[in-house]
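Here are my notes on this one, jotted down as numbered points. Have the model open while you read.

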Amino acid sequence: MLGFFLRLLPFWVREPLLIVIGSVIGLRLLHIAVLEKEWAPAGIGAVFLLLAAVSIHRVVQAVRARRGASAGAAEAGLPGQPQPVAARSAAPPVPPAAPAPPKEIHAGVQVFAAFAVFGVLAASVWLGPRLLPPEGEGDGTPRAAACPSEEDAKSEKTPDAYKKADVVTGADLCEALNTPDLAGLLGTPGEIATTASGDNGTAALTGGKVARPVAEVRFDTYTVNVSVTYNKLSMDQYVKLMEFGNETDVRKSTVLDRSAVFFSQPTMAIEIDLGGGGGTGGPVTDGPLARNLAVALDGKDRGGYCEVTVWSDAGTLPDDNALLDIAETVLPAIPERAA
């Protein structure tokens, strides 16, 4: 396709383009070969320089041929040369004049047009990446996942439980959770968020009357989930309910002068048997262990709690201080529970 396109270009456009492109790419590859001490870029660069040299030779020959043709035409029309005198005879009828051939574009104009085209192409390559949104901090790293936009949040129907003034949405939680410092709080500062989401859900078995917004940010190592349940359950009642559950490593604590509790519980793993005989038969099993931190929504523990959950596919867990730091980051974005 590229060869067909080049054949369509006029000689005085195609050859200067090949000279410039071949020289620039060839010299750049030779420079890379010298810096990295590799022979492959040097060989490819030499091929580009050879093509540029062949184009230069063609242009030189074409210029010499034009000069020779101009000199021959000038000698043929010099004054003072004896001209044969033809015998007088009746003048033949003059045929109608043929249309004049189109004037050939001057070689200099074609060369200028070639360099102008190359300049436009070079400017497009140079400015193209700068017109796109940056992917990272200038080091080539991919851009971190962003939370859903306000337009996406407005397009979804919000349950009536979110009409109260002190109830946050999943989008608000996502913005509070998905900060540049989150990976550092987890002990993996080099990672970036791969997914970020927020959801306006409701608590189970409440008929949609209890708001439970959820936000989740996933990294390669850890996944962080933050939810807020607007029920009337205090921390003391929550701890008593753990006696009937499968929670382990329960430890009471305090976060920003609010009652809190650490506990661990396994995640759920859904296994689907596609008929290959490799399934265990149980559709839902225990997955990797997750570490949780539940914090009351106000200092007087009037009911409701914010829960931070961290887990990994490998089963490793960060230190409890990481959950404390995450809770202290998210809680200021959640209004305290009114009396």
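1. Start with what packs over helix H6 (residues 170-177). The cover on its buried residues includes helix H7 (182-185), strands E1 (195-202), E2 (211-218) and E3 (223-229), and helix H9 (320-330). Helices here are DSSP runs of H or I with at least four residues, strands are E runs of at least two, and both are numbered from the N terminus. The buried residues of H6 are Gly 170, Leu 173, Cys 174, Ala 176 and Leu 177, where buried means under 20% relative accessible area, exposed over 50% and partly exposed in between (1.4 Å probe, protein chains only). They span an arc of only 165° around the axis, so they sit on the same side of H6; the arc is taken from the directions from the helix axis to the C-beta atoms.

2. A caveat before going on: this is a predicted model, with local features needing pLDDT of at least 70 and side-chain atom pairs counting only at pLDDT 80 or more, while totals for chains, interfaces and linings use all residues. Residues are numbered from 1 along each chain as its sequence is written, and side-chain values use heavy atoms, without hydrogens or water.

3. Cys 147 and Cys 174 form a disulfide (cysteine sulfur atoms within 2.5 Å), with the sulfurs 2.1 Å apart. A search of the whole structure turns up 1 disulfide. The torsion about its S-S bond is about -90°, so it is left-handed. Cys 147 lies in the loop between helix H4 (107-131) and helix H5 (150-155), so the bond to H6 ties together parts 27 residues apart in sequence. Both cysteines are buried.

4. Now the largest nonpolar core, which has 40 residues. A core here is a set of buried Ala, Val, Leu, Ile, Met, Phe, Trp, Tyr and Cys residues joined through side-chain atoms within 4.5 Å. Leu 177, Leu 293, Ile 326 and Ile 334 touch the most other members. Two or more residues come from each of H6, H7, E2, E3, E5, strand E6 (284-296), E7 and H9, and the largest share, 5 residues, is from H9. Take Ile 326: beyond its neighbours within four places in sequence, it contacts (heavy atoms within 4.5 Å) Leu 177, Leu 182, Leu 185, Leu 186, Val 224, Val 308 and Val 310.

5. There is also a second, separate core of 10 residues, which includes Met 242, Val 261, Phe 263 and Tyr 305.

6. Which residues do ring pairs link into a cluster? Tyr 238, Phe 263 and Tyr 305. Rings of Phe, Tyr and Trp (its six-membered ring) pair if their centres lie within 6.5 Å; planes under 30 degrees apart are stacked, over 60 edge-to-face and the rest tilted. That rule gives 2 aromatic pairs. Tyr 238 and Phe 263 have centres 6.0 Å apart and planes at 75°, so they are edge-to-face. Tyr 238 and Tyr 305 are stacked, at 4.6 Å centre to centre and 25° between the planes. Tyr 305 lies in strand E7 (residues 305-311), so its pairing with Tyr 238 of H8 ties together parts 67 residues apart in sequence. Tyr 238 and Phe 263 are both buried, and Tyr 305 is buried too.
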